[in-house]
Amino acid sequence: MALLELEGLTRRFGLLTALDHLSFSVPAGQVVGFLGPNGAGKTTTMRAVFGLTDLDAGTVKWNGTPVGATQRRRFGYMPEERGLYPSMLVGEQLEYLGRLHGMSGADARAASRTWLDRLGVADRYGSKVEALSHGNQQRVQLAAALVHGPELLVLDEPLAGLDPAGIEAIGDVLVEQARSGCCVLLSSHQLDQVEDLCESVTVIDHGRLIVSGRVDDLATAGARRLVVRVEGDREAAWARDLAGVIISEVAAGEARLVINEGIDSDAVLQAAMAAGRVTEFVFQRRRLSEVFREALA
Amino acid sequence: MTSDVGLVAAREMRERFRGRVFRVGSLLMLAAVGAAIVIPTLGHGKAEPQSVGVVGTLSSPRRATVVAAANSAGTGVRFVAEPTESQAYRDLRSGRLDLAIVDGSELVVETPPDGSSTIAQFVQAVAQALGYDQAVDAARLSPAQSAALAGAKPLPLRSLQPGVTKLTTKTAGTTSAVGLVLVFLMLTQYNTWILIGVMEEKSSRVIEVLLAAVRPMRLLTGKVLGIGLVALAQAGAIVVFALALGEGVGSDLLHGTAPVTLLSTLVWLFLGYAFYCWVYAAAGSLVERQDQVQSLAFPLSLPIVFGYIMAITTVASGNASLLFKVLSYLPPTAPFAMPVMVGLGQVNWLEFCASALISIVCTVGVARLATAIYRRAILRTGRRVKLRDVVGLAH
C-alpha cells in the first residue's frame, strides 16, 4: 500500500524554526487531516513534499524511497494561495498542467473535461479563470490537482471560503479518491468539517508533532464527556463546584462537562437533579476541536 | 511525450501570439519599417532632368558625353541654349539652370552643390567626362587609342591579409539606424514580457503548482525559449517584409552592403535577447507587484538605453570612437554597437566573431546565476526580495 513518510523534517528561516524534526506518515486509502494553529508549519511541510522549500534536515519518502522529480509528477498539489493563470482558459490550463505531469494531449483533454464535469463546472471549460467566482475557482484548482490522476494529493486549506454545497462536493471527491487508493493529506482550520471528512489527523505546533492518530481513537480517548441540560440554569452554575468536573463549554443552556477519571457519573446526575429538572444527560465523544485544544494546551 | 521545456515554450508562444499587444506591436513595427523603406524612394520616379545652359557651341559628341554623365549620376539632361554668358548667369541665379557650359570648356554653377546630392554627382561626372574628352583631343589620339583609353580597367588590388576582409566597404548608415530602432524596441518589449510574465506567475501563485511538476531551470528555459521564438518570428517577418517591400519599390536601403548590416542586426538581436532575457527573468522573480516591476525596470533598461544612444550617435557621426569600439565587445551594449560597426565597415569577421563569442560565454554565466536567483526568490512572497538576500546563496 502506498505511503508518504516524513522523517525528521527540519527547516529554519533565520532564527525561526518552522519545522523541528517533524515526522509522521500518510497511508493510502484514507483522508488525513493536517491540523495546527497559524504558523505551526503546515504549509512549509506541504511545500517540502514538493521540494518547494529547502530542508535543513530530514527526508520525504514515497513508498520507502526519497521523493524526487519523477515521483512528484505523480503527486497533486493545491497550494493555500490558489495558483492558476488568471487570464488563461480553464480547459487549456488543466490540459497544460496535465501534460506537464506527463499526460498525452488527448488524455489531458479528456481528463480535464471529466473533472470539470465531476466538480460541477463543466460549462466553464472555455472561460478565463479570472471570470469565475471564488467557489468555482476553488473547484478548478482542485481539478488541476486531480487531472493527472495523482497517487498522492496534498491540499492546503481546500475548504476555505466554500459554501456548504462546495464543501460537500469537494469532500465527496476527496473521500472517493481515498477509497480508490490515493493518499490524501489536507490542512484545514475548519475542524468540524475535518472531523466529518478525515479518518486520521495529525496535529502540529511550532513545527513539532503534537498528536497523530485515527479520529475515532482520539475522540474516545481521554476523559469522558457529558452533556447535561438543567431547566432554569442556563449557565450551569450547579456544576461549578463539583469536584473532578470541568465545564468545557456552555451554550444555549447545554453544559458540556469533562469528567475526571474516578468520578461517578451518578453523583453528577444527582447534583444536576438537585438543581432542577434534568432534560438531557448524555455521554459524548471528544470533538476534534477539543482534541485540538487539549493537544495544544 | 513532449518535453516540459517544449510545453512551457508552446504555452508562452500561444498566449503571446493571442495577445493584443503582440498584434498591435507587430503592425506598428511593420508600418515603421515600411515607412523607412518607402518614403526615401517617393521622389525617385519624378526626378526632374538637369537643366544645362549652353553658351556658345557644344558639339554632338560632347552633348552625348554630358548625357552619359547624367545617366551615370542617375538623372537626365535638358539642354537650354543661352544667347550670352550674362543671360546664363541670370538663369543660374533664378534657378532655371542647374549648370552652364561656356564654350564647351568652362562649367558654372550658382553655388557649390552638396557633396552627396544628385546635382553634385551630376556636375562631378560632367566635369570629369568633359575634362577627359578635352585631354583626349589635346593628345590627338587616334580613335583606336582613344577607345583603348576609355576601356581602361582598374588594377587588381592585393591585400596583405587576404583572409581578413572588412564585412562592408561602405557605410550602410540608414539601414543600421532602422535596425537599431528595431533591436531597441524588440529587446525592450520581449524582456518586459519576461519580467512581467515571471512576476505574474509569482503573484498568482501558479508558480507553486508549476514547480511541483517542473524543475525551475526547465521552467525558466521554456519561458525564455517561447518568448524568444516569438521575438524571432516577429523579427523574421519584419525582415522578409522589408526585403520584399525594398525590392518592390527599388529601395537603396537594402542594396549594396545593407543586407550584411541587416543580417548582423538579426544575429545581435538574438544574442542580445539571449543575454538580457535571463537578467530580466531573475529580476521578475524578485517582485510580485506592478509597482515593484516599474521600479525595477528602470535600472535594468539603463545599459540598453545607453547602448542605443551611443549607437545612434555613432551612426549619425559616421565614425566609431574608441569607447564605442570597446562597447561593441561588452555583452550588454554589443547588440547595439556591433551592428553599427558592421554598417560603418570598421570591423572584420574575426572581430565580429570574437564579440559574439564573448557574449555567448557571458550569457552562459548570466543564465546560471539568474537561474539560481530565480530558484531562491520565486517562492519568497510578501515583500520585494532583496538581491543580496539571494545572491549570496546563489553560488
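Me: Why is strand 7 of chain A described as largely enclosed by the rest of the structure?

Reply: A residue is buried if 20 or more other C-beta atoms lie within 10 Å of its own, exposed if 12 or fewer, and partly exposed in between, with C-beta atoms placed from the backbone. Strands are DSSP runs of E of at least two residues and helices runs of H or I of at least four, numbered from the N terminus. In strand 7 (residues 152–156) of chain A, 5 of the 5 residues are buried, so the rest of the structure largely encloses it. A:Leu152, A:Val154 and A:Asp156 are buried on one side, A:Leu153 and A:Leu155 on the other. This is a predicted model: local features need pLDDT of at least 70, side-chain atom pairs count only at pLDDT 80 or more, and totals for chains, interfaces and linings use all residues. Residues are numbered from 1 along each chain as its sequence is written, while chains are lettered from A and ligands numbered from 1 in the order in which they are written.

Me: Which strand pairs with strand 7 of chain A over 4 bridges?

Reply: Two strands pair if DSSP finds at least two bridges between them. Strand 6 of chain A pairs with strand 7 of chain A in the parallel sense, and A:Met78 has A:Leu155 as its bridge partner. Strand 8 (residues 183–187) of chain A also runs parallel to strand 7 of chain A, joined by 5 bridges.

Me: How many residues of chain A are in contact with chain B?

Reply: Contact requires C-beta atoms, placed from the backbone, within 7 Å. Here 23 residues of chain A contact 18 residues of chain B. Helix 3 of chain A gives the largest share of chain A's side, 4 residues.

Terms used. Two residues are in contact if their C-beta atoms, placed from the backbone, lie within 7 Å.
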